[in-house]
Amino acid sequence: MIPFSIFDCRFSIGRSERKKISSLALCALLYTLCLPVSAQQPVRIPRIGYISGTGSASDPGPYVAALRQGLRDLGYVEGKNFVIEYRGAEGKPDRMPSLVNELVQLKVDVLVVPTAAGAIRAAKQATKTIPIVMLTLVDPVATGLVDSLARPGGNITGLATLQRDLSGKRLELLTEVVPRLSRVGVLRNPDEETAAIGFKDYEAAARALKIRLQSLEARGSNPDLEGAFREAVKGGANAVITITNGPLFRNSKRITELALKNRLPSLYEGGTWVEAGGLMSYSANDLELFRRAATYVDKILKGAKPADLPIEQPTKFEFVINLKTANALKLTIPQSVLFRADRVIK
């Protein structure tokens, strides 16, 4: 009887253990089966499409760097929770639509399109679904890019730089710095929408100040800058203002050198021109605007709709003077003007 009792007890324990072992084996099998599936589905990294009118693959330029910095300030790490798909038109505006289409085909999560109204319009035509963050030099409502500043509608939002609203102030600054200012050359591409709007704004301000304007035409992706400055001197210009576009921005160093060579005080629509050797600029801080664009990208990646994000306008403007250039021109900047400068390059 004893051997049977012992056997019976062992048999009972064996069944219980086998159930436990079976359960553990099943869990282990399920874990093993789930592991490869998880490994095959990495976390998707948001892609930001960036269109530059002036940069190239080898030299993206300072503005995309400012956008990257803005994203880092918000806690983003490139390659970990965002990547930038960059396309540069190298100062050739006609390339912009095809570059926009490339990024649309890649199905990026957000498109960042700076400055040129033509590029923003091309992006608007290319996609109705991908959110677009613009940085525009012109009034986005007057030019039909959005419905209103408070509620843009559609898939576009971003920042308006108020460049055109500052035209009169720039001419006033020139009258304070350049003695007996009577004629100002305006370097521009007359075929570009932004430049055409800008010239009209300068014309209105010039009439009020009794200053004559001279249009200095710089067409295409390889503008005749030397010819434009010869016309300025021939026409008796006392100073030069440049209306920014892609090809002219890529030639900023050359333009500031030609202004100095021809003894013409120069005023620009961004501080980077003064850093390149220009005399003065009055504008919103262009690099800060691109850092601010990162806040729009952040909100959109977190689920906000562009139609509900009001378009931001700058509240502070930066007056920059290059004293080295003033000295080279033998031009004395009045103390009253220097005191108002936000930055003075010595």
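**Entry 1: strand β10**

I started at Tyr268, which stands opposite Ser281 in β10. The model is predicted, so I kept its limits in view: local features need pLDDT of at least 70, side-chain atom pairs count only at pLDDT 80 or more, and totals for chains, interfaces and linings use all residues. Residues are numbered from 1 along each chain as its sequence is written, and side-chain values use heavy atoms, with hydrogens and water left out.

Strands here are DSSP runs (E, at least two residues), helices are runs of H or I with at least four, and both are numbered from the N terminus. Two strands pair if DSSP finds at least two bridges between them. I found 2 bridges from β9 to β10, and these strands run parallel. On to β11 (residues 318–322): 4 bridges tie this strand to β10, antiparallel. Ser281 has Val320 of β11 opposite.

Then I looked at burial (buried is under 20% relative accessible area, exposed over 50%, partly exposed in between; 1.4 Å probe, protein chains only). Which residues are buried on each side of β10? Met280 and Tyr282 are buried on one side, Ser281 and Ser283 on the other, and both faces of the strand (residues 280–283) are covered. In a regular strand the side chains alternate between the two faces of the sheet.

**Entry 2: the open sheet**

I traced the sheet next. Its 7 strands run in the order β7-β6-β8-β9-β10-β11-β12, open, with mixed pairing. β7 (212–217) and β12 (343–345) stand at the edges with a single partner strand each, so one side of each has no neighbour in the sheet. I read an average twist of 20° from one strand to the next. For angles, axes are lines fitted to C-alpha atoms, for helices over the stretch in contact, and values run from 0 to 180 degrees between N-to-C directions.

Val186 has Ser215 as its bridge partner in β7.

Two helices lie across this sheet. Helix α6 (residues 193–209) lies across β6, β7 and β8 (239–242), at about 160° to β7. Helix α9 (residues 252–261) lies across β6, β8 and β9 (266–268), at about 155° to β9.

**Entry 3: pockets**

I turned to the pockets. The grid is 1 Å over the protein atoms alone; a pocket is an open set of points where a 1.4 Å probe fits, with protein on both sides within 12 Å along at least five of seven lines, and lining residues have an atom within 4 Å of a point. Points are joined across faces, edges and corners, and volume is the space filled by probe spheres set on them.

The largest pocket holds about 800 Å³. Its lining has 44 residues, with Thr54, Thr115, Thr244, Asn245 and Gly246 closest to the centre. Which helix gives the most to this lining? Helix α8 (residues 246–250) does, with 4 residues. I counted classes too: 20 nonpolar, 17 polar and 7 charged. Here Ala, Val, Leu, Ile, Met, Phe, Trp, Tyr, Cys and Pro are nonpolar, Asp, Glu, Lys and Arg charged, and the others, Gly among them, polar.

The second largest pocket has about 230 Å³. I listed 14 lining residues, with Ala284, Asn285, Glu288, Pro314 and Lys316 nearest the centre. Helix α11 (residues 286–301) supplies the largest share, 3 residues. By class the lining has 5 nonpolar, 3 polar and 6 charged residues.

**Entry 4: Thr244**

I went back to Thr244, in the loop between β8 and α8. Is it buried or exposed? Thr244 has 16% relative accessibility, so it counts as buried. Leaving out residues up to four places away in sequence, Thr244 touches Leu137, Glu192, Phe249, Glu269 and Trp273. Contact means heavy atoms within 4.5 Å.

**Entry 5: positive phi**

Most residues other than glycine have a negative phi. I noted Leu162, with a positive phi near 60°, in the loop between β5 and α5 (167–177). Lys210 also has a positive phi near 60°. Lys210 sits in the loop between α6 and β7 and is exposed, with a relative accessible area of 73%.

**Entry 6: whole chain**

The chain has 13 helices and 12 strands. Of its 346 residues, 48% are buried.
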